[in-house]
Amino acid sequence: MDLAKLSRISMKHLITLHVMLDTLSVTDSAQRLCLSPSSVSKTLSQLRLSLDDELFYRHGNKLVATPLARRLGPSVHQIINDMNQLVTQEAFNPAQYEGRFSLAMRESTFELLAAKFCAHVLNQAPNIRLDILAKDSVGFEGLIKGNLDFIVLPHDRSQPPILQHELVWQTIINDEMVCLMNPSHSLASKELLSIHDYLSYSHVGISDTDLNTPFFEMLLAQQQLNRAVPISVADFGSAALLCHHSELLFTCSRRWAETALQAKGLVIKPLPLDYGEVAYSLVWHKQSINDPAHKWLYQQLVEFTRAEFE
């Protein structure tokens, strides 16, 4: 341990790095820290010398964090949270909280739960800021880098994150999968679909490079069967719209299918195969939950979904 080198890095340096990772702007960081831009630049220069890394570099008209800066993000965040608890010793008060959180989810997840949840949170913490981002633009890497607080997404339980042991998954909504189709589809009049019916038509797929192959796809492959998937889209809503205008089939969450505006008018059929257990999960970085504000929002998510969906 190089104590002499560590002694040159203060909380001022860590807080500046933490805010810069969030804003990617010297000017915005200075405003948040109530400092001048030149003071923030000076602190960054000192930290660059201590860490022997550029930390941020300009690409066009934007600042980009280096791999080292991104890797340090979660650890620096945790250090600041721990120090804050040491010096304040105050219970978390949502009514006075003025911080921000970023959550990522698919549009279909937003339609299912986020609108009511946001109203629930704002009722208790009127000064909070919630940034809701698209899951396909900010994935699990955002949690690891400290750029994102939570992800909520539907998946089958055979799809854990790929080689990302820093992340914690918790089921907040149990669900099952169903098959959607146009009401004029030739299968719409059938009470129950056979596996032959299901595989005789093309399907809309959902693309997600963060997840492993779903259980039922592996089950079909073991039986030397496969679905024809000529089109893949990023979200349930787009897939449902395709079903409205074609004979494509779409396998999706029953809770979403019974709630979403895009799915209204489509026929819902039980699947003719064992899909496996499916759920909506809340995902976060294991270090972040020690922060009282993160823990509070986590508890709100869990309690809200339990009340709404159980």
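Here, two residues are in contact when heavy atoms of theirs lie within 4.5 Å. Every view below comes from a predicted model.

**View 1. Trp-256 and the residues around it.**

**View 2. The largest nonpolar core.** Trp-256 turns up again here: along with Leu-180 and Phe-250, Trp-256 is among the residues with the most contacts inside this core of 45 residues. Helix α12, spanning residues 292-309, supplies the largest share, with eight residues. Another core lies apart from this one and has 16 residues, including Ala-188, Leu-193, Phe-216 and Leu-273. As background, nonpolar side chains in soluble globular proteins tend to be buried together.

**View 3. The five-stranded open sheet.** Reading across the sheet, the strands go β9-β8-β10-β7-β11, and the pairing is mixed. Ignoring direction, neighbouring strands are turned by 40 degrees against each other on average.

**View 4. Zooming in on β8 and β10.** Strands β8 (residues 203-206) and β10 (residues 249-253) run parallel and are joined by two bridges. Look for His-203, which stands opposite Leu-249 of β10.

**View 5. Helix α10 over the sheet strands.** Helix α10, made up of residues 236-244, lies across β7 (177-181), β8, β9 and β10. Relative to β10, helix α10 runs at about 145 degrees.

How values were computed: Residues numbered from 1 in each chain as written. Predicted model: local features only at pLDDT ≥ 70, side-chain atom pairs only at ≥ 80, totals over all residues. Heavy atoms only, no water. Core = buried A, V, L, I, M, F, W, Y, C linked by side-chain atoms within 4.5 Å. Buried < 20%, exposed > 50% of the residue type's maximum accessible area, 1.4 Å probe, protein only. Helix = DSSP H or I, 4+ residues; strand = E, 2+ residues; numbered from the N terminus. Pairing = 2+ DSSP bridges. Axes fitted to C-alpha atoms, helices over the stretch in contact; angles between N-to-C directions.
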